[in-house]
Amino acid sequence: MIRVEVRFAGLPRTETGVKAETLELEPDITLGTLVERLNQRYSWEIGRGESQFILLNQRGLRRERWAHTRLEDGDSVLVISAIAGG
Amino acid sequence: MFTGGYLGKLLRVDLAREHHAIEPVPEAIFEQYLGGRGVAAHYYREELGPAVDPLSPANKLIFFTGPLTGLPLPATTKFQCATRSPETGIYLCTNSSGELGPYLKRQGYDGLIIEGQARRPLYLAIAGGGVEFRDASDLVMLDTPAAIEAVRADGPGADAAVMAIGPAAYSGVRYACIMVGDRSFGRGGAGRVMAAKGLKAVAVDRRGEIPVADRARLKAILPVAAKNARETKRTHNLFGTNQYTEVMNELGCYSVRNFTTGVFEGAATLSKDYVTRHYKDRSAACFRCPVACAQVCSVRDGPLAGAVSDPEYETVGTLGGVCGVSDFAAIIAGNQLCDEYGIDTMTVGCVIGYAMECYERGLFTREDTGGLEVRFGDAAVMLELIRRIGRGEGFGKVLGKGFRELARAYPATAPYMMHVKGMAFAAYEPRGFYGMALAYGTSSRGACHNVGGWTIRDELLTGDYDRFALEGKGELVKRLQDTRAYIDSLGICTVVRSSMGFTDSPTGDVLLAATGVDFTPRLMAIGQDIIDLERMILVREGITREDDYLPNRIYTEPLPEGPARGRILTREMYDVMLDEYYRLRKWDRQGVPSGRAQEGAREAAG
């Protein structure tokens, strides 16, 4: 099993009510699969709309790459929202 | 030939002679620079020589609307001001929301140029296309809400739009703003210029019509654009721009204790959820805005009970993070004080943060500060300093000078001044994402996240860029700046712009419907021309490559903690980005527009 830290900020934190959690996951799991599980867990669609983003180890990752990105032990996933402006 | 959107006229007001004139604005100027920021820069270049003292009668306040300002579309609220900044000593572009721009167009004018110096305190009442010069002797030291109320009561109508300056402008605060109702021309000290001119306020009657080329088409566009804006900006309505506080802190890019670190242990009580739960009263909207991103907050108990204001992300990040203050009640109160005195919240937060660091380092003493222990995290001291700055008292008078003057008076403290070209940083830590460093460095008005380019979405989130990479940042910042330059010239708010197709690949027929001319395919090129024009102005005012650098802290001190821990941006690394940026702009290595860019700017300037 691998351990992956998942953190939420912005709207995702409000919607899930969670700031951070550490999950034990099977080896070879992809980021796409993790997102599907999180959606089921929180009954909420992570990655919905263009204003939500996922950073893997502090690097942004376009959603089309989520399904092909394999997670590793110690990875940190940050689910975040941002819209132009500021 | 324009058949709508533009009026083709500007109103020129000479305060010394109490005289006004109506002048045509040639269509060629709109074709070249669109309106708003671009056209204001054009008039600035034509009329303000490089030696003009910002506080002299020779300085001017050049206000321009855009072709969309005031039209029946979402958030057509913006208008622009160009002037010589008393904070930076150079060209300033600054924009505001509010009703005044739209109402000015209803009066028949695209622009308003205010020049000279009044011989008595004045305010202007604009109605029926004409101008009255009214005595403002009794209004001078009123705070901005009281002044606006008094002018409304005495002016062209109770529902007139009013912009006014507060006591800070008269106390010599070089970053005093102009309040436009409850919005503002915030940055750069346009309010101080207005005080030097002896002008307390401008009121504009609301009545009038703005011509539109194809009203039926605009009517069809409006509901679609408004629905799109409401749906895509839902979080703006719920939380406003302060939604970024916890995001920036998570990424280690927050503005903390005068930019000594990028992580704030007190961010939880500044976060949107905490603020919504404990302080938010309602969302509020600007003129014709379907989003309503302002978050009106109030303090319900404790020593600051009764304070009411709507702090934006930048205000929270500067009065809060930069000063190490985690008490949101104090930020609501501080923001309210700034609005009442008429002070730029961003600069004042950075100036107080600088004073706090210098005091802790022993560079300022209690003798300097009038007995105050000026330490990070002390909310009461932060508020007291805003009061003293606003009133021009003691240490407040000193801090009101802004970084450029402070560096001359206190050279030993200069390393702790976080600014570019004299303008204080916004609330983003540039060592946490290098594109923001380039944005601060190359913004035409000094360190700014708007004019400079808001790189966060592209750099931190999309995966298209590595935030700590150098390559590609010149292209990114150039593209964002060109986009922003044309947006600032249209007269709409950046929050809703994409709902009308105004992105870095502009689409749609809004401009065709509004003006009868399809600017859309040329918008990015126009944005580029505006940036070139502004750079030519800055070069004429003595700005060189050396002025495009950030404070040494960014180049020499690694971030001590958080996700960006250990990150540093050396001058050599910064040079890689700056060289790429200059190259793409076709500027030479000193940052001077050359070849076609220079010719284009010169030709366009007449």
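Start with the contacts in chain B: among those with a separation of 6 or more, 71% are between residues 24 or more positions apart. Two residues are in contact here if their C-beta atoms, placed from the backbone, lie within 7 Å. Before you click on, note that this is a predicted model, where local features need pLDDT of at least 70, side-chain atom pairs count only at pLDDT 80 or more, and totals for chains, interfaces and linings use all residues. Residues are numbered from 1 along each chain as its sequence is written, while chains are lettered from A and ligands numbered from 1 in the order in which they are written.

**Stop 1: all of chain B.** Select chain B and zoom out. Its C-alpha atoms fill a box of roughly 60 × 55 × 50 Å along the principal axes.

**Stop 2: Phe30(B).** Select helix H1, residues 27–33 of chain B, and pick Phe30(B) in it. Is Phe30(B) buried or exposed? Phe30(B) is buried, because 24 other C-beta atoms lie within 10 Å. Leaving aside neighbours within four places in sequence, show its contacts: Phe2(B), Tyr6(B), Val25(B), Gly35(B) and Val39(B).

**Stop 3: the core.** Now go for the largest nonpolar core, which has 234 residues. Such a core is a set of buried Ala, Val, Leu, Ile, Met, Phe, Trp, Tyr and Cys residues joined through C-beta atoms within 7 Å. Helix H13 (residues 345–360) of chain B gives the largest share, 10 residues. Met382(B) is one of the residues with the most contacts inside the core. Beyond four places in sequence, Met382(B) is in contact with residues including Leu319(B), Cys323(B) and Ile352(B).

**Stop 4: strand E9.** Select residues 161–164 of chain B. Both faces of this strand are covered: Ala161(B) and Met163(B) on one side, Val162(B) and Ala164(B) on the other, are all buried. E9(B) pairs antiparallel with strand E12 (residues 199–204) over 4 bridges; strands pair if DSSP finds at least two bridges between them. Look for Val162(B) opposite Ala203(B) in E12(B). Another 2 bridges, also antiparallel, join E9(B) to strand E10 (residues 178–180), where Val180(B) is the bridge partner of Met163(B).

**Stop 5: an open sheet.** Next, find the 3 antiparallel strands of chain B in the order E13-E14-E15. Strands E13 (280–284) and E15 (308–309) are at the edges with a single partner strand each, so one side of each has no neighbour in the sheet. E13(B) is joined to E14 (residues 294–298) by 4 bridges, and Ser283(B) has Gln295(B) as its bridge partner in E14(B).

**Last stop: chain A.** Finally, show both chains: 25 residues of chain B are in contact with 23 residues of chain A. On the chain B side, helices H8 (234–239), H9 (244–250) and H19 (456–461) each give two or more residues.

Conventions. A residue is buried if 20 or more other C-beta atoms lie within 10 Å of its own, exposed if 12 or fewer, and partly exposed in between; C-beta atoms are placed from the backbone.
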